[in-house]
Amino acid sequence: MSESLRREVSKVVDREVAELLERTERDVTRTVNRALGVAEEAPAFDAAHWQARLDELLAEHRIPGAALAVLADGEIHELASGILHTGTGVAVTTDSVFQIGSVSKGYTAAMVVLLAEAGKLDLDAPVVDVLPEFAVADAEASRTVTPRQLLNHTSGIEGDYVNDTGRGDDCLARYIEGARNVGLTNPPGATVSYSSTAYNVLGRMVEVVTGGTWDEALKELLVGPLGLEHTMTLPEDVLRFRAAMGHMGDPGEEPVPTPLWNMLPRSAGPYGGICATAADVARFARLFVDGGAAPDGTRVLPAAVVEAMLNREVEMPDQWFLGAHWGLGWGLFEWDGVRGFGHDGSTFGQLAYLRAMPEKGVAVVLLTNGGGAAPKVFEALCRELSAEFAGVTMPGFEPSADPPVVEVGEFLGRYKREGFLMTIAEGEGSLRLTYEGADGLAGTFDPLVWQLTAVSHEPTKTVFAGRRNEKDAWMPVVFYALADGSRYVHFGVRATAKAA
């Protein structure tokens with residue numbers, strides 16, 4: 001090793017040791033203060049430290065660009081790093097707009113629950129009371145599914161129905177017409193299965209109740225009252241600002257720009273069509289942290305709406321991916337006894353993350369424009385920020401070094417839902433999950449393969465951890481049975497029935 005390289009390595013080691021000692025000192029001080037009952041002062045937000053950490057993580061994981069917003073000590077702190085587009089080299093700034101994907105569902109849910117609180121719809125009455133034209137392939141579900149089941153992902157409606165119905169204001173009405181042949185993943189109310197389709201039904205209900213488009217309702221009910229000047233849904237509005245371009249690539253690869261800026265149709269709005277800055281997403285999250293009031297005291301949501309949305313409606317088969325429970329629009333978690341809410345979002349080449357802990361006054365928002373390792377960047381930042389400002393430990397998910405021995409025979413076979421097929425077979429040391437398109441999606445993408453390692457085995461469910469390669473984050477794979485004895489696997493927050 002050359003002397004110059006030795007000096008550089010020494011600098012890096014010294015810096016890392018210093019940071020480790022600083023974190024250890026803070027942790028020890030916090031523990032002692034708690035033991036003595038001494039009230040802690042909220043730590044100041046060290047912008048230089050967190051900027052360096054954001055820069056470091058993006059470089060390490062080959063993420064082109066990202067924006068970070070942190071609600072702490074009563075303020076929203078904004079940081080940006082990297083570039084918006086590898087083809088142009090334009091820098092990400094804090095006022096840059098990203099696609100937030102399924103984080104949009106929290107906004108749609110807020111409008112629906114707000115309208116229900118105002119007496120304009122009933123969360124527990126059939127959807128057809130508001131949308132007489134609503135129907136899916138199952139006649140009984142068509143008659144009985146309720147807005148509450150749509151909100152908490154227990155409707156059983158297959159969740160990945162995409163239909164480009166054009167740019168017109170009638171796009172959601174036409175989407176509902178086209179959904180008549182969409183099937184069920186499970187009987188309504190039987191289990192949780194994430195459904196974007198359900199949120200488009202909710203979006204259409206908002207239109208019928210308010211008399212305008214979903215986009216207009218979003219502006220009138222949430223964006224305007226909250227002063228979210230960098231939150232929008234249509235590309236002509238996005239063009240007023242710096243906009244992130246999505247990039248695709250597996251972990252460890254250099255990501256490349258997507259062929260189009262936005263590959264989702266307008267009809268995807270209620271489940272994934274909002275664009276915003278990280279700070280505007282944090283402002284929306286703050287609405288729930290502050291009980292429904294804007295920072296200037298304006299009452300945007302009644303306290304009852306906030307309480308309803310953060311109430312634990314249903315328990316998740318998968319306790320890790322988005323939380324142990326689901327509320328009305330939010331995934332709900334609990335870290336070290338502190339309750340929180342959040343959501344993830346992904347479009348083609350952009351990923352968004354939100355976690356918030358109301359009783360601690362903390363929220364973390366990360367918006368990225370690609371790279372397969374974005375989940376690892378968010379996990380690192382959220383864990384460190386949650387420890388620093390909320391004093392809690394964000395749990396990880398991975399198998400132990402000595403995984404339990406599980407008899408796997410009952411899990412082998414084919415699991416199918418509309419458009420997708422999962423095959424569980426014996427693999428290297430445990431199980432192998434192969435995920436591929438079926439029906440109309442057959443052959444549209446190369447099969448994906450996860451190697452599974454056992455995590456836990458209980459009478460009601462067995463949990464495995466899966467990943468495609470060592471650079472991937474671990475994903476929960478849960479095998480369980482419904483009350484009627486039918487076998488299911490829960491993967492990617494979706495329930496899929498055993499077919500053979």
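**Chatting through the fold and its cores**

Me: In this predicted model, what share of contacts between residues at least 6 apart in sequence joins residues at least 24 apart?

Reply: A contact here means heavy atoms within 4.5 Å. Take those in the protein between residues at least 6 apart in sequence, then pick out the ones joining residues at least 24 apart. That share is 59%.

Me: How many helices and strands are there, and why call the protein as compact as a globular protein of its length?

Reply: The protein has 13 helices and 21 strands. For 500 residues the globule rule gives 23 Å, and the radius of gyration is close to that, so the protein is as compact as a globular protein of that length. The radius of gyration is 23 Å.

Me: What percentage of the residues is buried?

Reply: Buried means under 20% relative accessible area. Out of the 500 residues in the protein, the buried ones make up 52%.

Me: Which residues have the most contacts inside the largest nonpolar core?

Reply: Nonpolar side chains tend to be buried together in soluble globular proteins. Here the largest nonpolar core holds 80 residues. A second, separate core has 30 residues, including Phe45, Met357, Phe378 and Leu381. In the largest one, the residues with the most contacts are Phe288 and Leu301.

Me: What does Leu301 touch, leaving out residues up to four places away in sequence?

Reply: Leu301 belongs to the largest nonpolar core. With those sequence neighbours left out, Leu301 touches Ala110, Leu114, Leu222, Leu287, Phe288, Gly291, Gly292 and Val306.

Me: How far apart are the mean positions of the positive and negative charges?

Reply: The protein carries 42 positive and 69 negative charges. Their mean positions lie apart by 2 Å.

Terms used: Residues are numbered from 1 along each chain as its sequence is written. This is a predicted model: local features need pLDDT of at least 70, side-chain atom pairs count only at pLDDT 80 or more; totals for chains, interfaces and linings use all residues. Side-chain values use heavy atoms; hydrogens and water are left out. Helices (H or I, at least four residues) and strands (E, at least two) are DSSP runs, numbered from the N terminus. The radius of gyration is taken over C-alpha atoms; the globule rule is 2.2 Å times the number of residues to the power 0.38. Buried means under 20% relative accessible area, exposed over 50%, partly exposed in between (1.4 Å probe, protein chains only). Lys and Arg count as positive and Asp and Glu as negative; His and the chain ends are not counted. The place of a charge is taken as NZ of Lys, CZ of Arg, CG of Asp or CD of Glu. A nonpolar core is a set of buried Ala, Val, Leu, Ile, Met, Phe, Trp, Tyr and Cys residues joined through side-chain atoms within 4.5 Å.
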